[in-house]
Amino acid sequence: MLRRGLDNRDTQTRQLQDAVTNVEKHFGELCQIFAAYVRKTARLRDKADLLVNEINVYASTETPNLKHGLKNFADEFAKLQDYRQAEVERLEAKVVEPLKTYGTIVKMKREDLKATLTAKNREAKQFTQLERTRQRNPSDRHIISQAETELQRATMDATRTSRQLEETIDNFEKQKIKDIKNIFSEFITIEMLFHGKALEVYTAAYQNIQKIDEEEDLEIFRSSLYPSDYPSRLDIVRANSKSPLQRSLSAKCVSGTGQNSTNQLRKDQQEEEEEEEDVDLTEEENFFEH
């Protein structure tokens, strides 16, 4: 019966020890990987800041519409990096730090296991000593009684520490499950918040890029190449934007002007002919007088 109790406690202690070791291993790995994830996100934020600066520098060299669109894009992209910074800080506080604390928690549980193992080993040692005493001095009831008393004390101590360890590990397991749920829930929430904001920002950035007037910037570029010969797009737009009534009035004005010019020419020719006729009559009269 006593041997069976020792074996049961030994099996139970190994299981508890394996549970603590498992948490120590995998929580350590998770902590390292999540920490690397946060560092990568922070580096991505830094690279994005460099990209924003370069876009602004480049935009300042471009045509007006492209310049305006790129600068608006850069503003939106810079805003996204503010959200990414918040993501980094939240991941560090809500995910990485809670996992780090398990390093201390595991050390405490190992101390509890060590105390249990010490009590169990003492019990096993007293049991072995009692067996030897019975074999060497089977008739010496005093020595055997002392050995039995020591074993009883060791058994009581081992039983007490085992129960304490069971309770400690039970609480540890309960807290572990709760913490895992909280950590991963926080991770998902933080990522959802960031990506939700990112979708809004990227939508605005996309719209700013789509609003760039390619044709107008192209005309401005062409005008800069041929400043004296090339008609500006604004002049073309103004010409094409006249209403039918405006075009009709313009045509009538041109037609009227042409007609007036023709009438004036005819009038001048008639006056010249009349003057010539007067000269001819005068000359004829002078001739007859002579």
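**Close-up 1. Salt bridge between glutamate 173 and lysine 176 in the predicted model.** The side chains of glutamate 173 and lysine 176 form a salt bridge, with an N to O distance of 2.7 Å. Both residues belong to helix α3, which covers residues 141-210. They are three residues apart, about one turn of the helix. Glutamate 173 has 28% relative accessibility and counts as partly exposed, whereas lysine 176, at 17%, is buried. The structure holds six salt bridges, and two others are shown in the next views.

**Close-up 2. Salt bridge between glutamate 219 and arginine 222 in helix α4.** The closest N and O atoms of glutamate 219 and arginine 222 are 3.5 Å apart. The two residues are three places apart in helix α4, about one turn of the helix. Glutamate 219 is buried, with a relative accessible area of 12%. Arginine 222 counts as partly exposed, at 30% relative accessibility.

**Close-up 3. Salt bridge between arginine 45 and aspartate 46.** The side chains of arginine 45 and aspartate 46 meet with an N to O distance of 3.0 Å. Arginine 45 is buried because its relative accessible area, 15%, is under 20%. Aspartate 46 is partly exposed, with a relative accessible area of 37%.

**Close-up 4. Aromatic pair of tyrosine 37 and phenylalanine 187.** The structure has seven aromatic pairs. One of them joins tyrosine 37 and phenylalanine 187 edge-to-face, with 5.6 Å from centre to centre and 70° between the planes. This pair links distant parts of the chain: tyrosine 37 lies in helix α1 (residues 2-59) and phenylalanine 187 in helix α3, 150 residues apart. Tyrosine 37 is partly exposed, with a relative accessible area of 33%, and phenylalanine 187 counts as buried, at 18%. Both residues belong to a cluster linked by ring pairs, together with Phe34 and Phe184.

**Close-up 5. Stacked rings of phenylalanine 73 and phenylalanine 77 in helix α2.** The ring centres are 5.8 Å apart and the planes are at 10°, so the pair is stacked. Phenylalanine 73 and phenylalanine 77 are four residues apart in helix α2, a separation of about one helical turn. Phenylalanine 77 is buried, with a relative accessible area of 10%.

**Close-up 6. Surroundings of alanine 74.** Alanine 74 is part of helix α2, which covers residues 64-136. Its relative accessibility is 1%, so alanine 74 counts as buried. Leaving out residues up to four places away in sequence, alanine 74 touches Val52, Ile55 and Asn56.

**Close-up 7. Contacts of glutamate 76.** Glutamate 76 also has its place in helix α2. Glutamate 76 is buried, with a relative accessible area of 15%. Apart from neighbours within four places in sequence, glutamate 76 is in contact with Val201, Ala204, Ala205 and Asn208.

**Close-up 8. Nonpolar surface patch that includes phenylalanine 221.** Leu218, Phe221, Leu225 and Tyr226 make up a nonpolar patch on the surface. Together these residues have about 390 Å² of accessible area. Phenylalanine 221 lies in helix α4 (residues 214-225) and counts as partly exposed, at 45% relative accessibility.

How values were computed. Residues are numbered from 1 along each chain as its sequence is written. This is a predicted model: local features need pLDDT of at least 70, side-chain atom pairs count only at pLDDT 80 or more; totals for chains, interfaces and linings use all residues. Side-chain values use heavy atoms; hydrogens and water are left out. Buried means under 20% relative accessible area, exposed over 50%, partly exposed in between (1.4 Å probe, protein chains only). Contact means heavy atoms within 4.5 Å. Patches are made of residues with over 30% relative accessible area and no salt bridge: like charges are joined within 9 Å, nonpolar side chains (Val, Leu, Ile, Met, Phe, Trp, Tyr) within 5 Å. Accessible areas come from the Shrake-Rupley method with a 1.4 Å probe; for residues, only the protein chains shown count as cover. A salt bridge is a side-chain nitrogen of Lys or Arg within 4 Å of a carboxyl oxygen of Asp or Glu. Rings of Phe, Tyr and Trp (its six-membered ring) pair if their centres lie within 6.5 Å; planes under 30 degrees apart count as stacked, over 60 as edge-to-face and the rest as tilted.
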